[in-house]
Amino acid sequence: MTKEIQKTNYDASSESTTQLTLVPKVDIQELADSFVVRLDIPGAEKESIVARVIDATLTVTANVQALLKRDAILMSDDLPAEYRREFSLADNIDPHSIDAVYELGVLRITLKKKQQYLPKEIKIQ
């Protein structure tokens, strides 16, 4: 899995560690009544995931703790990390009807469309 790293600073000879910021891979699918956003967040605990909407921006963050103990490690890519991704929401999204489910390392967010933007069938008389 390719990871985009925004910042990193790790020195095995000291205890100074800057948390990695990773950008999760994403798939976005449009359905008739909603958009479905899938983010790959492997290693995150469900309790560490935060998804919030502020000013028409959906922000998703998740913390991943290092699995190895730091004592006697000379070099390790196993650092604490934070996944972070932001999305600007279109006007047709209802910010009050967003659902999220985390399963097997994938966060699925369903963004429902506002009623006035849903397709409707016109009855022919």
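Reader: What does buried mean, and is lysine 113 buried or exposed?

Author: Buried means under 20% relative accessible area. This model is predicted. Lysine 113 has a relative accessible area of 10%, so lysine 113 is buried.

Reader: Where is lysine 113 found?

Author: Lysine 113 is in strand E11, which covers residues 106-113.

Reader: Which polar atom pair involves the side chain of lysine 113?

Author: Look at leucine 31. The backbone oxygen of leucine 31 lies 3.1 Å from a polar atom of the lysine 113 side chain.

Reader: Which residues are in contact with lysine 113, leaving aside neighbours within four places in sequence?

Author: They include Glu30, Leu31, Asp33, Phe35, Asp94 and Leu118.

Reader: How do I read a nonpolar core?

Author: Start with the general idea. In soluble globular proteins, nonpolar side chains tend to be buried together. Now this case. The largest nonpolar core has 21 residues. Leu39, Ile41, Val60, Leu107, Ile109 and Leu111 touch the most other members. Strands E4, E6, E8, E9, E10 and E11 each supply at least two residues of this core. E8 gives the most, with four residues.

Reader: What is leucine 39 in contact with, beyond four places in sequence?

Author: Among its contacts are Val26, Val60, Phe87, Leu107 and Ile109.

Reader: How do strands E7 and E8 pair?

Author: Strand E7 (residues 49-54) and strand E8 (residues 57-64) pair in the antiparallel sense, over six bridges. Take one partner pair. Valine 50 is bridged to threonine 61 in E8.

Reader: What about the turn of this hairpin?

Author: The hairpin has two residues between the strands. Aspartate 55 takes a positive phi near 50° there.

Key:
Residues numbered from 1 in each chain as written. Predicted model: local features only at pLDDT ≥ 70, side-chain atom pairs only at ≥ 80, totals over all residues. Heavy atoms only, no water. Buried < 20%, exposed > 50% of the residue type's maximum accessible area, 1.4 Å probe, protein only. Polar contact = N/O pair within 3.5 Å; in protein donor to acceptor, adjacent residues only side chain to side chain. Contact = heavy atoms within 4.5 Å. Pairing = 2+ DSSP bridges. Core = buried A, V, L, I, M, F, W, Y, C linked by side-chain atoms within 4.5 Å.
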